[in-house]
Amino acid sequence: MNMFRRQSPRRSTLFTRWLNGCMVVLLLMGFMPVSAQAAALQRQMALCQAPGTAASTLFLPVVAGGVQQVARSMLGALAPQAPTARTLNYEVGKTYEYAYEVVVNTRSSKRDSQGVRDDGEQKTVIYALADVKITGQEETDIFVGEVSLRDPFICNTDGESEFTADDQETLDALATPLQFKQAANGVIVAVSSPVGAPAQAINIQKGVINALQLTLQEANSYTAPEDAGQGSVNVQYVVEEKEDGLHITKTFNRASFTSLITAGPDNDDLQLQNTINIVIGADAGVITSLEYSEKIASSDGAEDLDDTGAGFDGITAWSTAETNGSLTLKRVAATTGVTSAALNVIYQEDALAGALVDEAPNYDGIDLTTIDLDAEFAKLEAEPDNPDHRAYILALVDADDANPDDNIDVVGKIAERLQANADNTEVANAYIDLLGSIGAPRTQDMLSALLGNGQVHAASLALAPFNDESREQALINISMLPSPTITTVNTVRSLVSDSPDMRAARSTSVFGAAITVLGAVANNLADDNADEAEQLGSLLAERLKGAQELDDIELYLDALGNAGLPSTLGVITSYLDYTIPISASVQSAQVVTDAVEIQVAALVALRKIPGEEVESLLLGSLNDEGELDVVRSIVANVLATRDDLSEEAAASLEAFDGRQLAAPGRHDRSWNRRLGSSNLGVEFPGGVTLISPPAYSGIYAYAYQKATALIYGRNFSVVTGELRTYRSGSNQIFGAYLTIGGNLLRRQYETSLPCASARSGTLYSGSVTFVNVTFRIPIFAVITLDINVRATGSFNLSYALSINVCNPADMTVGAGITPRAWATASASAYLNIVVARGGATLTATILNTSMPASLTATYNALANNFRFCIDIRISTQPLSGGLDIWADVRVPRWGIPPWKWKRVGTARIWSFSSPTYTYNLLVQCY
């Protein structure tokens, strides 16, 4: 039989004419003018092309099998083939040479009131010849091997310029073998890496091994658990026998992972989808070709438009990374040259998981040698409440950390300007906020010095003329430090000392702030230094037991509430009855005092302590209809801040918040407004409970207003203001309270006011870095994808209260809390590949928002008239911003490390600005 039959003359002629026609069309197209868009596309495709490859690299023909595969495909129907073995069939002493290629495209997108914009793509290409050498075999089913990369090509492009890596250290590291062991069923059972090798270089080598791993079973459809480069994952397998061998499809997504390797905060909105197509050659008995595709999307970018029809408030940003890669077997040959056993290299046990390198990236590409520091600090001092200036100073600090230089010290400059402005409270507080945002041990020492500790770095700050407001600002910043040093802890502890010298030196306000901050410090230490946290909790508990005055009892309850230690639950619950015995003085006998403020302080102190017992206590108070409604409203607010509420508690909370009190003189209202998205935005939840005649004989009121940052679906309580007022005999008790980052820090103690009074003030004014997080994840090729979000904001919270309850038949009350938020945020996504990195950064002043909330209530007994009005409006402006794409390369330098990142390309893709919107959130009279 003749295998190669001649075509009939007619068919051959038709085919030739068709082919010639195609060629003519293609030739004519070559002479046609090329559009600008097509030219740009061609130019982009020409960038970062690996030497000797073309656009079809991912579909290179499989060499193994050669002519036999062609013949088998033609004769498959005539000559049935034996099933391909479901095991790998490596040969000891052989080198399997693969062409390895990875193409990663990252893109940042943004949405504001003007719509969605999607631009700024970066492409990274890695190409190399991967030598997989099988050096031995253990038992009968474990192959011992190593992988190294020859002639690597690493390139990054923004579509206009390309940047290739030629760093010799990295090239040497890629050529140094990575050792591994692989079972005959395809599972990688061991990995060993050279000690001291760059983590990113090892990651690239692991990308090859990660691609080679599979779990072979006899079934054609099954799920298999695998420990891979991205973590532990349940992989769905579909296997099909074809003429050229086994065709295997592996798929998994974000939900498939039992443990996903990440660094940074949880990103619940992360989406991940992988598909890997593998062919095990029937003749070769090993993987002859592999193609994989992976898509990663961070953040949602799909928030619904707000229901007022006014457009999308603020901005939302998200990033995507799409990876396509291939392994193609080029040839199999006897191993020659040096193997890892002959190298003078020390190996250590490793794992297939990618290493996430923690570095200090200079996202803004700042070269400090070109910056006039004096001019930048002068801008901040001229406008200390402008977060744009503050954000830029923090960017200068990041640049200093990323590329250390002994001749430039940005943090030292902050300390210098802080001391020079010690008598200028507004400017000094701005610098104090900067030190708190940095949070490094050195800047914590500076805060300690400002509080009087003369035994630390920058001790001269201890002698500067700071006032109590600046000292309180320093304490507030210490309360937000996630990792306070032991020096910081001891400084705060010294401020609450009972020694006569300390009592004489400190003011009442600084002492009160230090007590509550000490509780916050205990909470921040609980994970890393539990013993120290318990010691601070015990100190506060003992102080509470010995407290003799109502204000002191409430103060220590606030501090224990900040600490949130389960060990203090017993002492807190002993103060839950609002009629309690209190000693008027040390010498006198106990007297009974009605103290609703202590009951409230004890209930609020339970907010951080976990467990069913605490929830039960709070739920009992919430559902007690005999309890004062102002107390129940406070408890509802406490429950709303707790995690993992039971179904019963959630139902009770919803029922309480949703009630409509029809009785005259009783009103309960709540509100909320989201600006931006759940991944980059702010919420302003608030509420008010008011009880007055004819429902009660006096005035009881509770109001709260929060500003909550929303980052990757997480709620970060930035600031909360509370007002409480209630009747006590012939006087009216009033209290204003401040909570920052979940810690109650009182700026205004409860005060007994005459029946006609007015109070107003500022609970807090300052700047907060409420997020500076980097989310890292290895992509399938085990290159690191970094997503960074930074947001710095200025927040102001003021209050006002006016009452006239002297005449029970004609009473009025007015109260208001006004938060203002102004935040500058940036979101970056970039790939980190040892010697080059590139990505896109979205920067925007996301919110300039104020929300004056006010309520008034009047009661006239003669007219039997009660009137309650509430007025809450929001004014917001997403001011400006833009998207920049950029690329960095590593360049040598003198010093340690002997290299630094240099910004070699940047471009502004687009800019935006949005108009101001004003909303009437809740404007109504009842």
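Among contacts in the chain between residues at least 6 apart in sequence, what percentage join residues at least 24 apart? The figure is 68%, where a contact means heavy atoms within 4.5 Å.

Before going further, a word on what you're looking at. This is a predicted model, in which local features need pLDDT of at least 70 and side-chain atom pairs count only at pLDDT 80 or more, while totals for chains, interfaces and linings use all residues. Residues are numbered from 1 along each chain as its sequence is written, and side-chain values use heavy atoms, with hydrogens and water left out.

Of its 926 residues, 53% are buried, meaning under 20% relative accessible area with a 1.4 Å probe, protein chains only.

**Two helix pairs**

Two packed helices are described by the angle between their axes and the distance between the axes. Here the axes are lines fitted to C-alpha atoms over the stretch in contact, and angles run from 0 to 180 degrees between N-to-C directions.

| Helix pair | Angle | Axis distance |
|---|---|---|
| H10 (residues 441-450) and H12 (residues 486-495) | about 15° | 9 Å |
| H19 (residues 612-622) and H20 (residues 629-640) | roughly 145° | within 8 Å |

H10 and H12 are therefore roughly parallel, a label for angles under 35 degrees. Their crossing is left-handed, that is, the near helix is turned anticlockwise from the far one by less than a right angle. Gln444, Asp445 and Ser448 of H10 touch Thr487, Thr488 and Thr491 of H12. That contact has no nonpolar residues, 5 polar and 1 charged. For the record, Ala, Val, Leu, Ile, Met, Phe, Trp, Tyr, Cys and Pro count as nonpolar, Asp, Glu, Lys and Arg as charged, and the others, Gly among them, as polar.

H19 also passes H20 in a left-handed crossing. On the H19 side you'll find Leu618, Leu619, Ser621 and Leu622, meeting H20 residues that include Val631, Arg632 and Val635. This contact divides into 8 nonpolar, 1 polar and 1 charged.

**Around strand E6**

Strand E6 (residues 188-194) is mostly covered, with 5 of its 7 residues buried. E6 pairs antiparallel with E5 (residues 178-183) over 4 bridges; pairing takes at least two DSSP bridges. Lys181 has Ala190 of E6 as its bridge partner. E5 and E6 form a hairpin with 4 residues between them, and Gly186 in the turn has a positive phi of about 100°.

E6 is also joined by 4 bridges to strand E14 (residues 347-350), again antiparallel. There, Val191 has Asp350 of E14 as its bridge partner.

Key
Helices (H or I, at least four residues) and strands (E, at least two) are DSSP runs, numbered from the N terminus. Angles under 35 degrees count as roughly parallel, over 145 as roughly antiparallel, 65 to 115 as roughly perpendicular and the rest as oblique. Buried means under 20% relative accessible area, exposed over 50%, partly exposed in between (1.4 Å probe, protein chains only).
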